[in-house]
Amino acid sequence: MNDCLFCRIIRGEIPSKKVYEDEHTYAFDDINPQAPTHVLVVPKKHVRGLKEAMAEDAELIGYCQLAAANIARQRSIEDGYRTVLNVGPRAGQSVFHLHVHCWAGEICNGLRDRAALRLFQVCGFALEASPRERQDPDSTAHILVHNLGQKKLSFRPKI
Ligand code: 5GP
Ligand code: ZN
């Protein structure tokens, strides 16, 4: 027995909202959904993450993707959903039991803002914003997303 959070969820020691289960996988609603559908698909076998997976785990990883496809069929969201696997803390992995996120519907603001902020950091553009806004990355990301939505974004290169 281990005390991994997702192993405990699979064993039923921690409650979860089950969405799907088969021989190899268990799927449940994310406790903090980032989109209208946000399901986590986990292999029943404890594997720490994608980079720790062995050749013998290849089928399991495939089963997780197929479970997500089954869930998408069940929910009639086959026309558009994403499966995402965060690998390592720098990519946002916070639970170290391999899991596939299955997202559908409009991605919520938090995720969009983080994506916009990252874009802002990577591209190295300065935003047309007040000094206060430039000092506050959360507010900067928010403005970036808002202006992208309004199509009135203007970038100027950092000097
Ligand atoms: P990661 O950040 O590792 O890619 O994803 C972990 C996910 O697990 C997060 O989206 C987080 O909201 C979710 N999560 C963390 N703890 C629990 C829990 O106790 N129950 C459920 N259902 N989801 C959880
Ligand atoms: Zn585990």
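**Terms and model.** Two strands pair if DSSP finds at least two bridges between them. Strands (E, at least two residues) and helices (H or I, at least four) are DSSP runs, numbered from the N terminus. This is a predicted model: local features need pLDDT of at least 70, side-chain atom pairs count only at pLDDT 80 or more, and totals for chains, interfaces and linings use all residues. Residues are numbered from 1 along each chain as its sequence is written, chains are lettered from A and ligands numbered from 1 in the order in which they are written, and side-chain values use heavy atoms, with hydrogens and water left out.

**View 1. Strand S5 and its partners.** S5 spans residues 100–104. S3 pairs with S5 in the antiparallel sense, over five bridges. Strand S4 (residues 82–84) also pairs with S5 in the antiparallel sense, here over three bridges. Cys102 of S5 is the bridge partner of Val39. Thr83 also stands opposite Cys102.

**View 2. The two faces of S5.** In a regular strand the side chains alternate between the two faces of the sheet. On one side of S5 sit Val100, Cys102 and Ala104; on the other, His101 and Trp103. Are these residues buried or exposed? All are buried, and both faces of S5 are covered. Buried means under 20% relative accessible area, exposed over 50%, and partly exposed in between (1.4 Å probe, protein chains only). Five of the five residues of S5 are buried, so the strand is largely enclosed by the rest of the structure.

**View 3. The zinc ion (ligand 2).** Which protein atoms are its donors? They are Cys4 (SG), Cys7 (SG), His46 (ND1) and His97 (ND1), at 2.0 to 2.3 Å. Donors are N, O and S atoms within 2.8 Å of the metal (3.2 Å for Na, K and Ca); water is not among the atoms, so sites may look incomplete. The four donor atoms subtend angles of 107 to 117°, so the arrangement is tetrahedral. Four donors count as tetrahedral if all angles lie between 85 and 135 degrees.

**View 4. Zinc donors along the chain.** The donors of the zinc ion (ligand 2) follow the spacing C-x2-C-x38-H-x50-H. Cys4 and His46 link distant parts of the chain, 42 residues apart. Cys4 is in the segment before helix H1 (5–10), and His46 is in the loop between strand S3 (37–43) and helix H2 (58–75). Cys4 is buried at 12% relative accessible area. His46 is partly exposed at 34%.

**View 5. Salt bridges.** Side chains of opposite charge can pair when their charged atoms come close. A salt bridge is a side-chain nitrogen of Lys or Arg within 4 Å of a carboxyl oxygen of Asp or Glu. The count comes to ten salt bridges. One of them joins Lys17 and Asp29, with the closest N and O atoms 3.6 Å apart. Lys17 lies in the loop between H1 and strand S1 (18–21) and Asp29 in strand S2 (residues 25–29), so the pair ties together parts twelve residues apart in sequence. Lys17 is exposed at 59%, and Asp29 partly exposed at 22%. Lys18 and Glu21 meet at 2.7 Å, N to O. Arg8, Arg11 and Glu13 are linked in a network of salt bridges.

**View 6. Model confidence.** pLDDT is the predictor's confidence in each residue, from 0 to 100. The chain averages 82, and 66% of the residues score at least 70. Over residues 154–159 the pLDDT is below 50; beyond near neighbours in sequence, this stretch has 13 contacts in the model. Contact means heavy atoms within 4.5 Å.

Methods. Four donors count as tetrahedral if all angles lie between 85 and 135 degrees; four count as square planar and six as octahedral if opposite donors are over 155 degrees apart and all others between 65 and 115; anything else is irregular.
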